[in-house]
Amino acid sequence: MREWLPIRCWTAPGRARDRSDVILFLASRPVVPRPSGPAHPGTAARRRRRSPLTPYRRLFAAPGALAFTLAAFVGRLPGSMLGVSTVLMIATVRDSYALAGAVSATGVAATAVAGPLLGRLVDRYGQAGVAVPAVLVFVAGAIAMVLCVRLGAPAWTLFCCAVGSSGVPSLGSMTRARWAALHREDPAARHTAASFEQVVDEVCFMAGPALAMVLCTAVRPEAGLVTAAALLLVGTLLFAAQRRTEPPPDPRPARGRVLLTPGLRVVLMTFLATGAVFGSMEVATVAAVGSYGGSTASSAVLALQAAGSCAAGLAFGALPPRGTAGGRLVAGVAAMAVAVLPLLTARGLATLAPLLFLAGMATAPTMITGMTLVHRLIPAARLNEGMTTVYTGLLIGISTGAAAGGWTVDHLGATSAYLTPAAAAALAFAIAWAGRDRLRPGYGAVPGPSGRS
């Protein structure tokens, strides 16, 4: 009717109007686009932005990001090979697992002391200026270890070599510091970077020990340690060569200690207990799989736990974080404590494998959130020291948990092996819950070089 009226006004006899009036009338009518037309050109772009991989594409769009990530991966993979390679080499050549375990434990203890000190030096003198000398010292110690084992040197020389090769540069902490510097003003990108770095850690955890076992058993007993030292040297040198993405050091002496930050102490103690979960769960899984008669499948079953963490980490990084970081940490360790409990009911590989995959899914979000808190609690000029300190706590927890898990298997049997990781996960939740108020931003933050928090 509305389309017919102006025409009728134009043609009806005796009621003709001026042509210009009708044209003005038609021009004044609003034009409504038909909904059946082609999609708006911005729709495809919005769909691309909603893709789960979009945050990761944006992450690596930064100049130099891919180069330092690949270089660091070469140097990070050996980190999970060192312990297995050392134990297998000494146990095979010297025929003593007791000596191998003691030497490995000595190296872990020395690393726990050297790690935070190296992180402090990195903050002050730069990544390349510290990582390159540190890796050269490590390689010298590793070569000395191989020679002492092969030439039948006294046992005390092995302990000296373990201490001498403990100054391993923490490329994982340094890559995280580079992401933080590249995306200083973009919290969403930092969240995605933290998720990606946790996935890289899990990939190294899956591939490193398996590679070390193959080299030590199928090639030569010392092949694992030699390969690990070579990869660490090459990876560190390549990483140090990427100078344009290196955060600038602060040559001024750092004031105070990062452990004086109440929130960081909460994260450190939580990671200590979380490390005990990882260490005891590895021992418990090996014992459980052996009791099922499938000891050769223990590596594959353990890889399922890391695979679950990888899947959760990728999904977690693609989603925007919700709530506070402190609340997410509490939720993560709570999920970890709940996810471990069903493992106590496993009675075969068919049930243990999927339960381990599900239990691993709580790992990545917890670790990612913990490192996010370190970024927020510690000034940028102390970031390497803070991250290395927290990872040292995780390393100590893994060693302690492995020892406690072994005691549980020996005294309570393989069927009760998961009691230790369950207790450690409950302890991690208790620590995080008790210290949740200290995880708020600005709560007792350590002062930066300028004296500001």
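These are my notebook entries on what I looked up in the structure above.

**Entry 1: the model and its overall make-up**

I noted first that this is a predicted model, in which local features need pLDDT of at least 70 and side-chain atom pairs count only at pLDDT 80 or more, while totals for chains, interfaces and linings use all residues. Residues are numbered from 1 along each chain as its sequence is written, and side-chain values use heavy atoms, with hydrogens and water left out.

I looked up the secondary structure and found 19 helices and 0 strands in the protein chain; helices (H or I, at least four residues) and strands (E, at least two) are DSSP runs, numbered from the N terminus. Of the 453 residues in the protein chain, 47% are buried, where buried means under 20% relative accessible area, exposed over 50%, and partly exposed in between (1.4 Å probe, protein chains only). I then turned to contacts, meaning heavy atoms within 4.5 Å: among those in the protein chain with a separation of 6 or more, 83% join residues 24 or more positions apart.

**Entry 2: α6, α7 and the loop between them**

I followed α6 (82-94) and α7 (97-125) through the loop between them, where Asp-95 is found. Asp-95 is not a glycine, yet it has a positive phi of about 55 degrees. Its relative accessibility is 69%, so Asp-95 counts as exposed.

The axes of α6 and α7 come within 8 Å and cross at roughly 150 degrees; axes are lines fitted to C-alpha atoms, for helices over the stretch in contact, and angles run from 0 to 180 degrees between N-to-C directions. The two helices, α6 and α7, are therefore roughly antiparallel to each other, on a scale where angles under 35 degrees count as roughly parallel, over 145 as roughly antiparallel, 65 to 115 as roughly perpendicular and the rest as oblique. I recorded that α6 passes α7 in a right-handed crossing, a crossing being left-handed if the near helix is turned anticlockwise from the far one by less than a right angle, and right-handed if clockwise. On the α6 side the contact is made by Thr-86, Val-87, Ile-90, Ala-91 and Arg-94, and on the α7 side by Tyr-97, Leu-99, Ala-100, Val-103 and Ser-104. By class, this contact of α6 with α7 has 7 nonpolar, 2 polar and 1 charged residues; Ala, Val, Leu, Ile, Met, Phe, Trp, Tyr, Cys and Pro count as nonpolar, Asp, Glu, Lys and Arg as charged, and the others, Gly among them, as polar.

I stayed with Leu-99, which has its place in helix α7 and is buried, with a relative accessible area of 15%. Leaving aside its neighbours within four places in sequence, Leu-99 is in contact with Ile-90, Arg-94, Ala-155, Leu-158 and Phe-159. The C-alpha atoms of Leu-99 and Ala-155 are separated by 8.0 Å, although the two residues are 56 residues apart along the chain.

**Entry 3: α10 against α11**

I next examined helix α10 (residues 171-182) and helix α11 (residues 187-219), whose axes come within 10 Å and cross at roughly 160 degrees. They are therefore roughly antiparallel to each other. Gly-172, Thr-175, Arg-176, Trp-179 and Ala-180 of α10 make the contact with Arg-190, Ala-193, Glu-197, Gln-198 and Asp-201 of α11, and these residues divide into 3 nonpolar, 3 polar and 4 charged.

I also checked Thr-69, in helix α5 (residues 65-76), which counts as buried at 10% relative accessibility. Not counting residues up to four places away in sequence, Thr-69 touches Phe-60, Trp-179 and Phe-196.

**Entry 4: the nonpolar cores**

I asked which residues have the most contacts inside the largest nonpolar core. They are Val-267, Leu-343, Leu-352 and Tyr-418, in a core of 44 residues; a nonpolar core is a set of buried Ala, Val, Leu, Ile, Met, Phe, Trp, Tyr and Cys residues joined through side-chain atoms within 4.5 Å. Elements giving two or more residues to this core include α10, α13 (262-291) and α19 (419-434), and the largest share, 11 residues, comes from α13. Tyr-418 touches, among others, Met-281, Val-340, Leu-343 and Leu-352, not counting residues up to four places away in sequence. Apart from this core lies another, of 27 residues, among them Ala-100, Val-149, Ala-223 and Leu-225.
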